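Reader: Could we go through this model together, one topic at a time? I would like to begin with the strands.

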Amino acid sequence: MALAGQKRKREDKHPYLEGNFAPIHQTLPLTPCSYTGTIPDELIGGQYVRNGGNPVTNEDLGRDAHWFDGDGMLSGVLCRRGEDDEPVPEFVNQYILTDVYLSTLATPSLKSPILPSIATLVNPLSSLLYICLRVFRTLLLVLLSHLPGSKQAIQKISVANTAILYHDGRALATCESGPPMRIALPGLETVGWYDGNHAEGEPASSTPEETGFGGEGILSFMKEWTTAHPKVDPVTCEMLLFHSTFAPPYIHYSIVPATRNLSPSSPKPTKLLNAPVSGVSSAKMMHDFGVSLTHTVIMDLPLSLDPLNLAKNKPVVAYDSSKPSRFGVFPRREPNSVTWFETDACCIFHTANTWDTVDETGNVTSVNLLACRLTGASLVFSAGNIAAPQPTKQTTDAVTRAMPFSERYDDDAGTDGDHASPCSGSAWEKAPVLESPHIERPSFLSRTSSATSSSTLLPPDPTIEEDQCRLYYYSFSLTAPTPTITHQYALTAIPFEFPSVAPTRAMRPARYIYGCTTTTSSFGAALGRAVKIDALVKIDALALRAADHGERGPGRRRRAGVQDAAGLAERQLEDDGFLLTYAFDECDARNIRPHNGGPRAGECAATAASELWILDARRLWAGSAAVLARVTLPQRVPYGLHGNWFSEAEVRGQREIERVRTLVGSGGKDGDRDRDGEGGKRTAGTALEKLGRGVRGVVERALG
């Protein structure tokens with residue numbers, strides 16, 4: 001493993017830059033594909049689209065890299081309606097033309113990405129000087145992009161590489177370092193940034209619009225940073241989002257109503273933008289949240305994302321399980337009325353579903369949350385090929401296992417004589433030094449040096465809860481005299497991530513939760529290895545919760561041979577629908593070069609190709625027999641992040657687009673062209689523009 005700022009040898013390939021994690025630079029317009037099996041009629045006219053990082057400059061040069069890095073690339077399969085309503089699958093992939101991506105293409109002298117890698121920020125060995133230099137380099141490149149003569153100014157730093165969703169006639173690509181980016185279906189062209197009112201590239205509105213995400217003021221640029229996982233209410237069609245910043249109050253909250261197809265007599269929907277959420281303890285790495293029909297759940301977990309950590313001799317991203325996990329629950333439109341619930345430290349990157357418990361009088365008595373819970377932050381580090389800080393002997397002496405994952409976290413837990421725990425109560429209350437960074441760092445340093453002392457490391461101990469990602473259930477009481485979590489326990493013993501529910505069951509009690517697992521490792525993979533998802537999972541959460549007083553076994557797992565997150569297209573019954581996912585066969589010699597010791601062993605072959613699998617959600621128990629159709633794609637799709645299904649009605653019902661973004665220098669002014677492909681004319685460079693280009697060239701070559 002290379003230390004922060006050091007370059008690896010070429011033969012030491014980064015696990016998230018080799019094989020099918022390696023970026024692909026060929027983009028294709030809608031291209032017909034062959035398929036086997038039967039594509040269901042319900043999918044004809046719709047499109048599956050998956051987002052993910054695909055670094056345009058991220059060759060494996062031995063520098064820092066992370067799974068969550070990279071320029072956004074969308075890969076989609078349109079089930080076009082052909083003659084006699086026959087399905088004609090067509091593949092398309094496109095880079096998302098963000099400011100950063102366009103500026104990168106306009107700056108060929110740069111040898112590394114404009115933005116610092118997440119691996120640089122999370123590495124405990126990254127020095128204050130090194131991080132400051134990387135951040136200063138980014139700021140300088142952003143400023144240079146605004147000089148006269150620059151082909152693309154960087155207004156937003158988002159790479160829009162995480163997820164994609166549909167709201168009110170717009171497909172939106174998301175990433176929490178900026179606002180959503182509108183995408184045109186089915187060709188996946190980039191339209192422009194969406195501010196909660198209007199997207200760049202759309203016709204101008206005839207009515208005045210209020211200030212969008214971020215509002216006004218010196219910190220407005222931070223307040224437009226939007227969660228990668230907005231929630232859309234299937235009944236009201238409202239989109240709910242939060243915005244995470246580095247300055248108090250740290251979290252702002254927005255509700256964007258749907259405004260299309262409203263009748264003249266309908267009341268104007270009420271929009272809520274940039275409302276502060278009180279009570280968040282500090283700047284956090286907050287990726288997701290929960291929304292029920294009446295309440296919202298914000299997660300203040302002990303995983304910080306704070307540049308001020310550097311002044312405390314801590315990494316920018318730091319996990320401290322001596323601090324509690326805090327869940328803020330508030331009525332949907334009252335973010336100033338937050339009730340905070342505290343429990344043991346954990347990390348949660350994705351929620352599966354949130355719903356209300358309602359009594360016979362119609363009052364909400366509790367809010368329930370299903371989430372993918374990790375007991376530590378190892379995933380954040382391993383995704384950058386960085387060793388996570390390890391618990392020390394002091395940690396072992398301070399606390400043992402607080403509770404097994406299958407034990408019930410009720411008010412009477414630990415009081416029954418047959419089930420008493422020597423550490424009943426919250427671990428963070430009983431051990432102030434639990435995994436504190438100042439304790440962990442000496443152990444981490446000694447482990448990565450040549451003079452490693454095993455006496456300082458935590459030995460294998462079955463009493464310590466495994467750092468694994470499991471589907472977890474929380475219930476927050478709204479009627480107890482004090483904030484009380486009445487239930488909190490795991491529903492699965494297997495690794496479980498990238499969850500989804502049937503679209504019509506979102507924000508309501510859902511029986512089935514779909515997700516992904518890995519049968520060969522964990523989501524906190526060891527150094528030199530990457531997390532590879534090789535099975536889909538269907539969890540009967542209703543049955544497991546109904547058995548919470550009995551023996552809890554693992555959720556039922558079925559191998560599906562796939563390696564990606566799934567999108568669900570639904571019919572009538574909750575599981576009467578389809579799962580769609582990209583699959584890549586690493587055992588096929590046409591895809592991966594054999595590991596025969598050659599210099600290119602393990603790399604993807606030029607003939608490598610992925611498939612789109614369509615599965616019957618009701619028959620996952622049948623294994624490969626659940627696969628209804630396999631669409632052969634013209635090229636591979638690198639392992640990515642989140643996908644979504646867009647119905648034919650959504651594809652056809654998009655809002656009008658006036659212009660889309662294009663590559664710099666391809667005929668449009670500022671990277672734009674109108675919908676018919678006509679670009680604006682560029683004028684000859686002035687002396688000031690030539691001077692600006694000259695200054696940029698000199699500085700950019702120096703920065704490398």
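Reader: How many of the residues of E25 are buried?

Author: Six of the six residues of E25 are buried, so that strand is mostly covered. Buried means under 20% relative accessible area, exposed over 50% and partly exposed in between, with a 1.4 Å probe and protein chains only. Strands (E, at least two residues) and helices (H or I, at least four) are DSSP runs numbered from the N terminus. This is a predicted model, in which local features need pLDDT of at least 70 and side-chain atom pairs count only at pLDDT 80 or more, while totals for chains, interfaces and linings use all residues. Residues are numbered from 1 along each chain as its sequence is written, and side-chain values use heavy atoms, with hydrogens and water left out.

Reader: Which residues point which way from E25?

Author: Tyr-512, Tyr-514 and Cys-516 point one way, and Ile-513, Gly-515 and Thr-517 point the other way. All of them are buried.

Reader: And which strands does E25 pair with?

Author: E24 runs antiparallel to E25 and is joined to it by two bridges; Ser-500 stands opposite Tyr-514 there. E25 also pairs in the antiparallel sense with strand E26 (residues 535-540), over six bridges. Two strands pair if DSSP finds at least two bridges between them.

Reader: Why is E26 described as largely enclosed?

Author: Because five of the six residues of E26 are buried, the strand is largely enclosed by the rest of the structure.

Reader: Which ring does the charged end of Lys-538 sit over?

Author: The charged end of Lys-538 sits over the ring of Tyr-512, 4.3 Å from its centre. The criterion is that NZ of Lys or CZ of Arg is within 6 Å of the ring centre and within 35 degrees of the ring normal. Arg-373 gives another case: its charged end sits over the ring of Tyr-472, 4.4 Å from the centre.

Reader: Moving on to the open sheet of four strands, what is its order?

Author: The order is E14-E15-E18-E19, with antiparallel pairing. Strand E14 (290-291) and strand E19 (339-343) are the edge strands, each pairing on one side only. Strand E15 (residues 295-300) and strand E18 (residues 325-331) pair over six bridges, and Thr-296 stands opposite Phe-330 in E18.

Reader: What lines the largest cavity?

Author: Its lining comprises 14 residues, of which Tyr-16, Phe-21, Gly-53, His-66 and Trp-67 lie nearest the centre. Lining residues have an atom within 4 Å of a point. The lining divides into eight nonpolar, five polar and one charged. Here Ala, Val, Leu, Ile, Met, Phe, Trp, Tyr, Cys and Pro count as nonpolar, Asp, Glu, Lys and Arg as charged, and the others, Gly among them, as polar.

Reader: How many aromatic pairs are there?

Author: The count comes to 22 aromatic pairs. Tyr-16 and Trp-67 form a stacked pair, 5.5 Å centre to centre with 20 degrees between the planes. This pair links distant parts of the chain, 51 residues apart: Tyr-16 is in the segment before strand E1 (28-32), and Trp-67 is in the loop between strand E3 (47-53) and strand E4 (72-81). Rings of Phe, Tyr and Trp (its six-membered ring) pair if their centres lie within 6.5 Å; planes under 30 degrees apart count as stacked, over 60 as edge-to-face and the rest as tilted. Both Tyr-16 and Trp-67 are buried. Ring pairs link Tyr-16, Phe-21, Trp-67, Phe-68, Phe-498, Phe-584 and Tyr-639 into a cluster.

Reader: Finally, the backbone. Where is the cis bond of Pro-186?

Author: A cis peptide bond joins Leu-185 and Pro-186, with omega about 0 degrees. Pro-186 is in the loop between strand E8 (181-184) and strand E9 (189-193).

Reader: What is phi of Met-507?

Author: Phi of Met-507 is near 70 degrees, a positive value in a residue other than glycine. Met-507 counts as buried, at 4% relative accessibility.

Notes:
1 Å grid on protein atoms, 1.4 Å probe; cavity = no way out; pocket = protein on both sides within 12 Å on 5 of 7 lines; lining within 4 Å.
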